[in-house]
Amino acid sequence: MHPFALLRAHDATAAIAAHAQDPELAFIAGGTDLLGLIKDRATLPARLLDINGLPDMARIDARPEGGLSIGALARMSDVAVHPEVRKRFPVITEALLFSASGQLRNMASIGGNIMQRTRCAYFRDEDDLPCNKRRPGSGCAARHGLNRNHAIFGWSDVCVATNPSDLAVALAALDAHVIVRGASGERSIPFSEFHRLPGTTPATETVLKRGELIVAIEVPPSPEGRASHYLKLRDRQSYEFALVSAAAAVAVDGRRLRSVRLALGGVAPKPWRLTAAEAALSGVSLDDPGALARAIAASFGDARPLAHNAFKIELAQRVALRALQIAGERA
Amino acid sequence: MNAVGQPLSRAEGRLKVSGRASYTADRRFSGAAHAVIVHSPIANGRILSIDTSAAENACALAVFTHLNLPRMNPTPKPWSHLRPHGQGHLPLQDDSIYYAGQPVALVVAATRDQAAHAGTLIQVEYEESPPIVFGRDTAKAAIDPPQFLWPVASAVGDAERGIAAGAVRIEQTYSIADRHHNQMEPHATTAMWDADGSLTLYETTQHLYGTRELISIVLGIPAEKITVICEYLGGGFGGKAYVWPHTLLASLAAKLLNRPVHLQLTRAQMYAMVGHQAATIQTIALGADKSGKLTGIRHDSISPSSMFDNYIEYAALSTRSLWSASGGIATNHKIVHVHRNTPTAMRSPHEALGHWALEGAMDELAYAAGIDPVELRLRNDTEIDPHSGRPFSTRAMRRCLIEGAARFGWEKRSPEPRSMREGGYLIGQGMASAIYTHWRWPAKARVTLDRDGSALVEIGTHELGTGTYTVLRQVAADALGVAPERVTVRLGDTRLPPSHASIGSATMANAGASVMLAAKAARDKAIELALTGRDAPFAGTKADDIYVGDGMLRLAQRNVGVTYAELLTRNGLPHLIGDGNYDPVPEAEGPKAVFSFSAVYAEVRVDPELGLVRLRRFVGAYDAGRIINPKTARSQAIGGIIWGVGQALLEQSETDPALGRFLNRNYSGYLVPSNADIPDLDVHFVGDFDADASPLGAKGLGELTAVSVAPAIANAVYHATGKRVRDLPITVEKVM
């Protein structure tokens with residue numbers, strides 16, 4: 001086991017300052033991903049700063065106007081079963097409950113969830129394999145290796161990994177914001193801008209800067225929230241990451257879609273919002289699956305398969321369609 | 001009331017669920033050091049240099065490499081179950097690298113974490129060459145291997161002519177991915193030496209005596225100076241039946257450092273250092289007349305082995321004996337040497353691979369000939385083993401087929417593919433049959449009948465999680481005529497009477513038989529005392545007139561009895577000892593062919609758009625002879641079915657083609673079924689007492705139940721979708 005020092009934070013300002021000046025320090029909350037990464041030697045921080053004791057960061061606030069504020073230290077299981085979350089945004093509850101296992105959800109924090117790192121087997125191997133995320137410049141073994149579980153959108157020759165978070169897909173679809181605190185105060189990052197594409201620097205996965213701490217997720221009120229669904233397709237029925245998943249939320253006029261929010265998981269380095277499809281779906285009848293499918297296809301023109309995942313291009317469209325139909329039945 | 005046949009709960013159940021059962025890695029010894037293996041990330045090449053100075057300067061007590069570890073003796077040839085190495089290549093003997101995960105250094109430190117950390121500080125420089133990996137391309141260069149367990153090829157009659165003469169013919173290629181055992185308990189060893197040069201090994205093993213023999217040969221220690229202990233095993237599945245490099249390394253390190261050394265593999269190392277089930281590419285050809293009677297069968301299989309061993313997956317083995325074919329049956333096996341460690345037996349070696357092709361092809365034949373799959377099998381059932389020409393001892397295949405079908409409701413199935421639906425889902429029903437090899441092996445046991453009326457069973461067999469403590473207690477209880485709770489079972493130690501490896505579903509029939517013989521020997525001594533001892537209660541009568549029960553000897557004609565306790569007290573004896581020596585002729589040399597049988601039925605629900613296959617129902621009907629404990633037997637069966645569901649739908653160890661290594665070396669990347677994947681499983685036993693199998697009448701069960709689950713599910717997927725998947729596992733992209 002990699003040796004590290006464990007420190008405890010009691011005050012957010014001090015924690016942020018410590019993080020800012022120490023490139024070898026990592027925040028730890030639930031630790032459900034970080035400790036595994038350390039054991040696999042995918043990341044080797046010298047110091048872990050335990051932020052579980054920071055005050056007022058585990059609250060789940062149902063805002064009167066219909067939105068949510070979820071503290072970064074709220075546990076996945078608490079958010080999942082919160083009655084207002086369940087009522088206003090079933091897509092969030094479902095994304096959480098289809099994640100991990102009961103034990104892990106009891107430990108894992110919301111902030112950590114959206115920071116979890118790829119499940120790429122090369123990245124997580126006990127040995128040091130060619131991986132530009134893990135050791136920049138070492139290459140990407142997955143690019144021409146085994147890449148069934150890898151991306152069809154947004155990848156580069158330097159990295160083809162996908163983002164594993166289910167919750168992030170739902171939050172992307174809902175246009176959530178990540179509230180981040182740094183030395184100079186708070187900023188609010190639109191969810192679709194929080195994760196970045198790999199380009200030539202895949203080790204940098206988010207726009208967070210050193211010395212910034214996620215304090216909350218803000219989910220704005222949305223007329224589509226109640227009629228939403230998270231569909232997770234996976235090889236195993238439980239305790240498994242998505243092969244392909246979709247978050248769908250809709251508002252309707254009768255049987256016609258008025259507005260649609262649609263994002264995919266398991267297909268890209270970040271939650272993949274289908275903006276072209278969303279536009280094309282507007283006005284389409286839920287009773288016309290052919291038209292729904294054609295509208296969804298509008299977002300797949302730039303899909304690029306790897307050697308072992310071409311099936312995902314078709315599968316992802318079918319998953320998106322099914323999620324949309326189920327959300328539609330809830331409208 | 002007889003104990004045998006009762007669904008008794010596990011004798012050690014409370015210990016296990018309360019965490020008090022002591023598994024190998026749970027044991028702590030004062031002064032023990034911890035060893036960690038540093039392994040090669042490359043699959044083919046040579047070590048150019050190793051720098052261990054940083055590790056030694058950090059916290060390592062010692063670092064061993066090929067430069068300073070003493071040489072070992074070569075593994076014995078030919079390979080034998082009695083002195084079994086996992087692989088012929090021995091660790092840290094020279095600078096060659098033949099597989100990714102090969103040990104290159106052993107680091108010993110005061111704690112496991114320190115050893116692991118020091119291991120990361122070792123710098124190894126390699127000269128790397130491209131690895132050969134197994135696949136359809138390299139399979140073309142497969143070679144004929146020397147014989148390993150059974151003859152490599154077989155031919156009865158003229159299979160080709162038989163196939164050609166068939167009115168219906170099927171010829172297809174079926175394949176299965178590499179798989180790993182994934183026992184919950186990682187392999188672990190604690191080795192300690194006494195001043196007199198004797199070695200004690202606490203070892204995760206399902207083969208105590210084989211471990212002792214192999215260690216004796218390779219390390220050059222007299223076998224009688226070695227003790228191997230394993231009281232509980234957290235899963236074996238064949239992967240702990242033979243000796244792998246870590247055991248040798250821990251033993252040597254303990255000797256060189258003169259202190260106990262504990263070594264536990266990491267989860268990832270379990271995918272690289274201790275064997276696996278080799279992938280197979282199988283070609284099967286069937287010919288049949290219009291009525292579905294087979295006229296010929298040909299079954300060939302190609303599988304990988306390591307660069308240094310000739311391990312064979314005998315995938316076509318069962319095809320020699322499952323169905324009769326009027327023209328003939330031909331089988332053959334080839335192997336390819338690739339850069340990996342040596343494959344090994346994994347539940348259910350040979351059989352669970354070959355049935356995939358044979359029982360898939362039988363379903364294809366049923367559709368091609370327009371015959372119901374159950375009816376097709378009934379028509380090809382046989383009372384004579386086609387391979388050996390011997391009659392089967394017992395073969396309840398017909399009952400398996402008919403009673404299994406009845407429990408499943410097979411008659412309600414509409415045969416057309418895609419004809420059964422439920423909402424947007426397609427429903428499919430499929431079935432398959434199976435035959436499983438029976439092993440007759442020698443075993444010894446000792447039963448001590450104490451003056452307090454209790455009994456102690458001692459035998460060097462294993463508790464793999466299957467219920468050995470419980471079933472041996474039941475066998476001894478009946479032979480002695482005492483209540484099962486009065487019987488204590490000790491096992492898992494080479495100081496006990498020697499038994500065979502707990503593999504091949506052989507423990508009940510063989511180790512169990514020796515316990516029965518030992519218990520009867522102890523009982524007979526008591527009877528002798530009752531006839532001729534001091535104040536002999538039954539003097540003047542005959543042994544045949546005496547029966548046992550409720551801890552007493554009784555005379556059949558008269559209502560008189562004497563307890564064991566009284567009898568021993570009267571004779572001033574602290575105990576009576578019975579020795580059991582079960583020494584059967586090997587199955588192949590007997591007059592009857594002994595096998596277990598099954599017919600299994602699966603129902604799947606397929607989401608045709610998303611390609612999702614979910615098992616909905618499963619019925620298994622098994623002929624495993626007499627069932628000693630229906631509860632532990634059912635547990636074995638549901639475990640076997642779930643094992644088969646993993647093979648069918650989830651499990652694959654993929655090899656990176658460039659790196660030549662198994663990827664996904666953990667429970668997150670290598671998928672085994674979760675509870676959510678498993679529906680109600682209906683287990684049904686149809687077998688009868690089989691005297692040729694064992695004096696207990698029992699045949700092998702555990703491995704049988706993992707066989708043919710995959711073809712039953714795949715046949716159900718075909719019935720649901722019209723898609724014939726011939727490559728395992730059945731993942732969404734093959735179905736959508």
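A:E314 counts as partly exposed, at 37% relative accessibility; buried means under 20% relative accessible area, exposed over 50% and partly exposed in between, with a 1.4 Å probe and protein chains only. This is a predicted model, in which local features need pLDDT of at least 70 and side-chain atom pairs count only at pLDDT 80 or more, whereas totals for chains, interfaces and linings use all residues. Residues are numbered from 1 along each chain as its sequence is written, chains are lettered from A and ligands numbered from 1 in the order in which they are written, and side-chain values use heavy atoms, with hydrogens and water left out.

**Salt bridges within the chains**

A:E314 forms a salt bridge with A:R318. The term denotes a side-chain nitrogen of Lys or Arg within 4 Å of a carboxyl oxygen of Asp or Glu. In general, side chains of opposite charge can pair when their charged atoms come close. Because A:R318 and A:E314 are four residues apart in helix α12 of chain A, about one helical turn separates them. Helices (H or I, at least four residues) and strands (E, at least two) are DSSP runs, numbered from the N terminus. A:R318 is partly exposed, with a relative accessible area of 25%.

| Residue pair | Distance, N to O |
|---|---|
| A:R318 and A:E314 | 2.9 Å |
| B:D452 and B:R486 | 3.9 Å |
| B:D727 and B:K734 | 3.0 Å |
| B:E733 and A:R148 | 2.6 Å |

B:D452 is partly exposed at 45% relative accessibility, and B:R486 is partly exposed at 36%. B:D727 and B:K734 also form a salt bridge; B:D727 is partly exposed at 31%, and B:K734 is partly exposed at 26%. In chain A, salt bridges that share partners join A:D175, A:E224, A:R261, A:R273 and A:E278 into one network. A search of the whole structure finds 70 salt bridges over all chains.

**The interface of chain A and chain B**

In this interface, 31 residues of chain A are in contact with 37 residues of chain B, contact meaning heavy atoms within 4.5 Å. The two chains bury about 2,900 Å² between them, 56% of it on carbon and sulfur atoms. Buried area is the accessible area (1.4 Å probe) that two parts lose on being put together, summed over both. In chain A, the residues that lose the most area to chain B are A:L146, A:R236 and A:Q237, together 22% of what that side buries.

The rule finds seven salt bridges across this interface. One salt bridge between the chains joins B:E733 and A:R148. On the side of chain A that touches chain B, β9 (228-233) and α12 (311-330) are the elements that give two or more residues. The largest share, six residues, comes from α12(A).

**A buried residue in chain B**

B:A716 lies in helix α15 (residues 709-721) of chain B. B:A716 counts as buried, because its relative accessibility is 0%. Neighbours within four places in sequence aside, B:A716 is in contact with B:G428, B:Q429, B:G430, B:A602 and B:V604. B:A716 and B:D363 are 353 residues apart in sequence and 9.8 Å apart in space, C-alpha to C-alpha.
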